[in-house]
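Trainee: Please give me a close look at one part of this model, the packing inside it. Which residues touch which, and what surrounds them?

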Amino acid sequence: MENAIAIFCSAEQPVPQVELAAFVQRNDSEFTPPFAQRDWFVSYEEWVSRLLRNGVVIYARDSFSGAIAGAVGFYADSQRYKDAYVSYISVSRQYRKRGIAGKLMSAMAARCAAQGMQGINGSCAAGNQPMQRQFESNGYLKITDPQQVVVLKQANKKDDWDKNFYYLKLS
Ligand SMILES: CC(C)(COP(=O)(O)OP(=O)(O)OC[C@H]1O[C@@H](n2cnc3c(N)ncnc32)[C@H](O)[C@@H]1OP(=O)(O)O)[C@@H](O)C(=O)NCCC(=O)NCCS
């Protein structure tokens, strides 16, 4: 029997920083490139503490074992920006293909809409087909206008590998 999965939001049910950092570390080798190899990387704890301080994390727990099965991290500040920004999403390998990422993406969109965001920006490595399908099946449009892509690439020079950009319109 498949274990039940419960979804929580850090704004209401704070996630222990150490536990989330351990989850990010466990899954890091699946990212291209892994966080630990990026110029800005200090430590998993430092990155998670910044995400939890300035952003929101919606996370999935295995109701049986209590383990974190997946998480999405995003920034949604309607006072300063019209659009939210997905910074992180990962589901541990043993929990994949059960719709967990889809649930995390839906919960993120509902929260961003409730917070008055107009849309959500996201990106992934050009070779990351599972994530591209995830964006597309959740209603995100691929940004194909070359001028817009150049602007988006310049906005985040520290991540300068080949990426695809996506946008979900909320309102
Ligand atoms: C991308 C990622 C988050 C997707 O997580 P996931 O929980 O497996 O995603 P879902 O289960 O919602 O969807 C995955 C697939 O399973 C299918 N699926 C969903 N529920 C299912 C079920 N009950 N039975 C069978 N298949 C199912 C979905 O339709 C989808 O199919 P598709 O890939 O052919 O479109 C995961 O692969 C991952 O963590 N990758 C490594 C980290 C990463 O690349 N993150 C993004 C960096 S930008």
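Mentor: Start with Met-108. Neighbours within four places in sequence aside, Met-108 is in contact with Ile-58, Val-72 and Phe-74. Contact here means that two C-beta atoms, placed from the backbone, lie within 7 Å. A word on the source: this is a predicted model, in which local features need pLDDT of at least 70 and side-chain atom pairs count only at pLDDT 80 or more, while totals for chains, interfaces and linings use all residues. Residue numbers run from 1 along each chain as its sequence is written.

Met-108 belongs to the largest nonpolar core, which has 37 residues. Val-72, Phe-74, Leu-104 and Met-108 have the most contacts inside this core. The elements that each give two or more residues to it are helix 1, helix 2, strand 2, strand 3, strand 4, helix 3 and strand 7. Helix 3 supplies the largest share, seven residues. A nonpolar core is a set of buried Ala, Val, Leu, Ile, Met, Phe, Trp, Tyr and Cys residues joined through C-beta atoms within 7 Å. Buried means that 20 or more other C-beta atoms lie within 10 Å of the residue's own; exposed means 12 or fewer, and partly exposed lies in between, with C-beta atoms placed from the backbone. Helices and strands are DSSP runs numbered from the N terminus: helices are H or I with at least four residues, strands are E with at least two.

Now strand 3 (68–75). Seven of its eight residues are buried, so strand 3 is largely enclosed by the rest of the structure. Ala-69 sits in strand 3. Ala-69 counts as buried because 24 other C-beta atoms lie within 10 Å. Leaving out neighbours within four places in sequence, Ala-69 contacts Ile-5, Ala-60, Arg-61, Asp-62, Val-91, Ser-92, Tyr-95 and Ile-100. One of these, Ile-5, is 64 residues from Ala-69 in sequence, yet 8.1 Å away in space, C-alpha to C-alpha.

Ala-60 lies in strand 2 (residues 56–62). Ala-60 is buried because it has 24 C-beta neighbours inside 10 Å. Not counting residues up to four places away in sequence, Ala-60 touches Ile-5, Ile-7, Ala-69, Gly-70, Ile-100, Lys-103 and Leu-104. Ala-60 and Ala-6 are 54 residues apart in sequence, but their C-alpha atoms are 5.5 Å apart.

How are these strands linked? Strand 2 and strand 3 run antiparallel, joined by six bridges. Two strands pair if DSSP finds at least two bridges between them. Val-57 has Gly-73 of strand 3 as its bridge partner. The two strands form a hairpin with five residues between them. In that turn, Gly-66 has a positive phi of about 85 degrees. Strand 3 also pairs with strand 4, again in the antiparallel sense, over six bridges. There, Gly-70 stands opposite Val-91 in strand 4.

Seven strands form an open sheet in the order 1-2-3-4-5-7-6, with mixed pairing. The edges are strand 1 (5–9) and strand 6 (141–142), each pairing on one side only. Strand 6 and strand 7 (residues 163–169) run antiparallel, with two bridges between them. Lys-142 has Tyr-166 in strand 7 as its bridge partner.

Helix 1 lies across strand 2, strand 3 and strand 4. Helix 1 runs at about 100 degrees to strand 3. Axes are lines fitted to C-alpha atoms, for helices over the stretch in contact, and angles run from 0 to 180 degrees between N-to-C directions.

Strand 4 and helix 3 also take part in the ligand shell. Of the 20 residues around the ligand, Arg-96, Gly-99, Ala-101, Gly-102 and Cys-124 come nearest. A residue is near a molecule if its C-beta atom, placed from the backbone, lies within 6 Å of it. Strand 4 (83–91), helix 3 (100–114) and helix 4 (129–137) each give two or more residues to this shell. Helix 4 gives the largest share, five residues.

Finish with the loop between strand 4 and helix 3, where Lys-97 is found. Its phi is near 60 degrees, a positive value in a residue other than glycine. Is Lys-97 buried or exposed? Lys-97 counts as exposed, because it has 9 C-beta neighbours inside 10 Å.
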